[in-house]
Structure formats: C-alpha cells, structure tokens
Amino acid sequence: IIMAAPNGKQWQPHYPCDYYKQEYKDCTSLGNRFHSYYVFGEKPDCSQWQKDFKACTTWMQTRTEEAKQELLKTEDRHLRQKYYTNPVWQHRVSPPKEWYLPLQNPTQRPQQANATSSA
Amino acid sequence: LTYFHTNMADSGENHAGSETHQHYNSENSSASTQDYLAIFDNPQKDNGASKNQDLGYEFFKGREKTYRESMTSPYGRFANLFDTYHPRCMMKLNVAMRTNPFVKLLLKAMEDSGCSAYKDRHFSCEPCSSQVAGGFDPESNQIVLCQNIISSQGMMNRVLTHELIHAFDHCRGKVDWYNNLQHVACSEIRAANLSGDCSFGGELRRFNLSGIKKHHQECVWQRAKDSVKLVRNCSEEEAGRAVDSVWDSCFHDLAPFHKIPRNKKDAIRAARFRYDYDIS
C-alpha cells in the first residue's frame with residue numbers, strides 16, 4: 001500500500017474515526033457475542049477495534065507524527081484485508097469477456113409469461 | 001414423477017441456491033429444437049444440507065435433456081396463461097435489488113470489479129422442475145432464480161446473495177467451474193458462509209442444530225460439500241476432500257464483507273468500509 005504524495009493537501013485518514021467506534025460497539029453487543037460463539041466457539045476480541053479508534057482519535061486531537069504513524073499502520077491493516085486475494089484461484093485484472101455479451105440462445109432470455117411458450 | 005416441491009422442513013429463507021453447470025459434451029445433446037450445449041446429466045436435488053439426505057430424487061431421468069428443457073414449466077402449457085410465478089419472482093427480485101443491503105453490497109462489489117449486473121441480462125426467473133432454488137450459470141453468465149421454489153422475499157434475498165457471491169467470484173477470479181473441484185468448493189464455502197445460509201435462525205427453523213458452538217462452520221462445511229457433490233456429480237469423499245483442502249483460505253476470504261455478516265447492519269457497514277458506499 002503506497003502512500004502517494006499529495007499535491008499540497010494535508011494527509012487525511014482513510015476512514016473517519018466513527019467507523020472504528022461503531023465496529024467496536026457492534027463487536028461488544030450481545031448479539032455479536034452470541035454470533036461469535038455460534039461461528040467461532042469463543043468470545044469476540046474487541047480490543048483491536050478499540051485500539052484502532054484510539055489511534056484515530058489521538059491523531060485527530062494531537063496531530064503528532066507518532067500518532068499519524070500509528071494510524072497509518074491501522075489503516076494499512078484494514079486496506080490489506082480489503083485487497084486480500086484468495087490463493088485458490090488466479091486473480092483477474094479484467095472481468096470475464098462473456099459477461100457483457102448478449103445471450104446466445106433465445107431460451108436463455110428471461111421467460112415471459114406467455115401462453116405459447118413451452119420452455 | 002412428481003415435480004412439485006414436496007419438502008416441508010425448509011420454509012425459511014435460507015434456502016441455498018446451487019450452481020447449475022453446463023457440461024461440455026456437445027455430442028450428447030438431444031435432438032430437440034434447442035441446440036444449446038448444456039447437458040444436465042445428474043439428478044437435481046437440493047444442495048442445501050437441510051434435507052436432501054432423506055428424499056429420493058428421481059425428478060430427472062433423461063440424460064439427453066438440455067438444461068433449459070429440464071427446467072421447463074412443470075405446469076404445462078395452458079397454465080402459462082395463468083402463471084403468476086414469473087411476475088411475482090420479478091417483483092421479489094426488484095425489491096431485493098433495490099432495498100436489500102446484502103444484494104446491494106454485492107452488486108456494488110461486482111461493479112467495482114468491472115462486472116455491472118443488469119436485471120434483464122444477468123438475472124432470469126424461470127420455473128424449475130427440481131428442488132434447488134437457484135443457480136449461477138457460468139456459461140451464459142446468468143443467475144437463474146427458480147420462480148416456483150422461491151416463496152418469500154427473505155428467501156429471494158438469501159438465494160440472490162448466494163448466487164451473487166458465485167457471480168462475484170467468477171468476476172474477480174479465474175474460477176474453473178468445470179474442471180477444478182477446489183475452485184468450486186472454495187466458492188461454495190464462501191457462498192454458504194456469507195449469504196446467511198447457515199444463520200442461527202435458519203438452522204433453528206430447519207431443526208438442524210446439532211449443537212450451537214461452532215455450528216456455523218459445520219453447516220458451511222456440510223452445505224459446501226453437498227453443493228460440490230451435486231453440481232460436479234462426484235462422490236462424498238471427493239467433495240469432502242476438496243472442501244477440506246481449501247477450507248482455510250476460503251473460509252477466511254470474506255470479500256466483499258469485512259466480517260461474517262450477522263445482520264443487515266453488518267452489510268451496511270461493510271459497504272462503507274470497503275466501497276465507500278452508503279446503503280440507505
């Protein structure tokens with residue numbers, strides 16, 4: 001994840017701090033605790049979201065360089081997760097070429113409610 | 001031969017769709033007026049793990065029938081005059097595409113990867129003679145929805161999400177649907193995991209809760225294995241092995257979500273996190 005040098009603008013965080021707060025709130029909710037037990041068999045660990053939120057608010061309040069680095073690390077983690085590619089199949093760089101081609105066979109088209117249609 | 005949907009246990013909306021694949025032996029195609037290459041040579045059965053072990057499946061005997069023929073209206077020609085299934089399916093499809101956050105998130109994700117999905121081209125409401133609720137056809141790049149199986153808006157939402165995950169995988173990766181069992185298993189794991197097929201409420205309604213702890217993973221595994229077995233017509237062991245081999249990578253690949261979604265709010269937040277897209 002490369003941080004491009006902005007053209008004179010100040011660096012801004014990728015996500016507003018409220019996103020982390022909402023995730024933390026959802027993480028600690030009762031419904032999510034049950035869901036985590038149902039899926040993973042254990043309690044959810046919400047401390048990471050809290051740390052992310054702290055990193056974000058620290059920078060918003062103090063604007064120091066260390067806070068910025070912390071926040072960059074946080075965002076790096078999230079962006080890595082966003083752009084994670086599955087090792088099972090090869091990643092495409094362009095969509096499949098048949099995606100936009102029109103349907104070959106007339107019966108592939110959506111069926112009309114038609115008295116004479118048989119298929 | 002009964003064509004009607006006889007299953008009682010599954011009335012909830014978590015009915016898993018299946019992939020319907022076109023097979024590649026064109027020399028076996030029937031001498032019908034359709035010169036469509038698709039062959040359907042395995043009996044269709046519900047790929048959802050909920051109930052398929054018990055019912056016998058003899059819906060489909062003809063080895064030579066094409067895909068579209070096998071999905072002809074079970075109600076006969078004259079019933080088409082009074083067919084309400086098609087417009088009702090289209091209405092549910094419209095509502096889902098306009099309002100359901102899961103569907104909207106997936107559509108946005110696909111758009112972001114370059115495949116915008118158009119309602120008249122990429123979705124098709126059709127009558128099905130089998131018990132599956134829908135499928136993704138990689139040959140024509142279309143999502144097929146079974147208008148006589150999908151009974152509620154919730155079910156439409158789930159089936160759509162499930163199939164859209166397949167379409168999304170098809171869009172962003174070179175998935176070999178026909179030859180590679182692991183690719184199919186991977187997509188099925190993701191679809192069962194992320195579409196709400198294995199939600200607690202759904203499993204409860206289907207009386208499928210053998211335990212609560214980590215049941216989601218068991219359900220996902222089971223559904224993925226059944227789907228792979230159904231669409232690739234392979235044995236239980238092969239399907240099981242395929243699913244096991246890709247489990248670690250694919251269970252943790254949550255794209256386009258950021259966590260395994262539990263409710264609509266999770267989908268809404270995922271849209272904001274990943275695509276800067278504000279649903280509702």
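Helices (H or I, at least four residues) and strands (E, at least two) are DSSP runs, numbered from the N terminus.

**View 1. Chain B from end to end.** Welcome to a predicted model, where local features need pLDDT of at least 70, side-chain atom pairs count only at pLDDT 80 or more, and totals for chains, interfaces and linings use all residues. Residues are numbered from 1 along each chain as its sequence is written. Chain B holds 10 helices and four strands, and their order along the sequence is α-α-α-α-β-β-β-α-β-α-α-α-α-α. Of the 280 residues in chain B, 61% are buried (under 20% relative accessible area, with a 1.4 Å probe and protein chains only).

**View 2. Strand 3 under cover.** Here we look at residues 142-146 of chain B, where five of five residues are buried. B:Gln142, B:Val144 and B:Cys146 point one way from strand 3, while B:Ile143 and B:Leu145 point the other way.

**View 3. Strand 3 beside strand 1.** Two strands pair if DSSP finds at least two bridges between them. Strand 1 of chain B (residues 123-126) runs parallel to strand 3, joined by four bridges. Look for B:Cys125, which stands opposite B:Leu145 of strand 3.

**View 4. Strand 3 beside strand 2.** Strand 2 of chain B (residues 134-137) is antiparallel to strand 3, and four bridges join the two. B:Phe136 has B:Ile143 as its bridge partner in strand 3. Strands 2 and 3 of chain B form a hairpin with four residues between the strands, and B:Asn141 takes a positive phi near 55° in this hairpin.

Note on methods
Chains lettered and ligands numbered in written order. Heavy atoms only, no water. Buried < 20%, exposed > 50% of the residue type's maximum accessible area, 1.4 Å probe, protein only.
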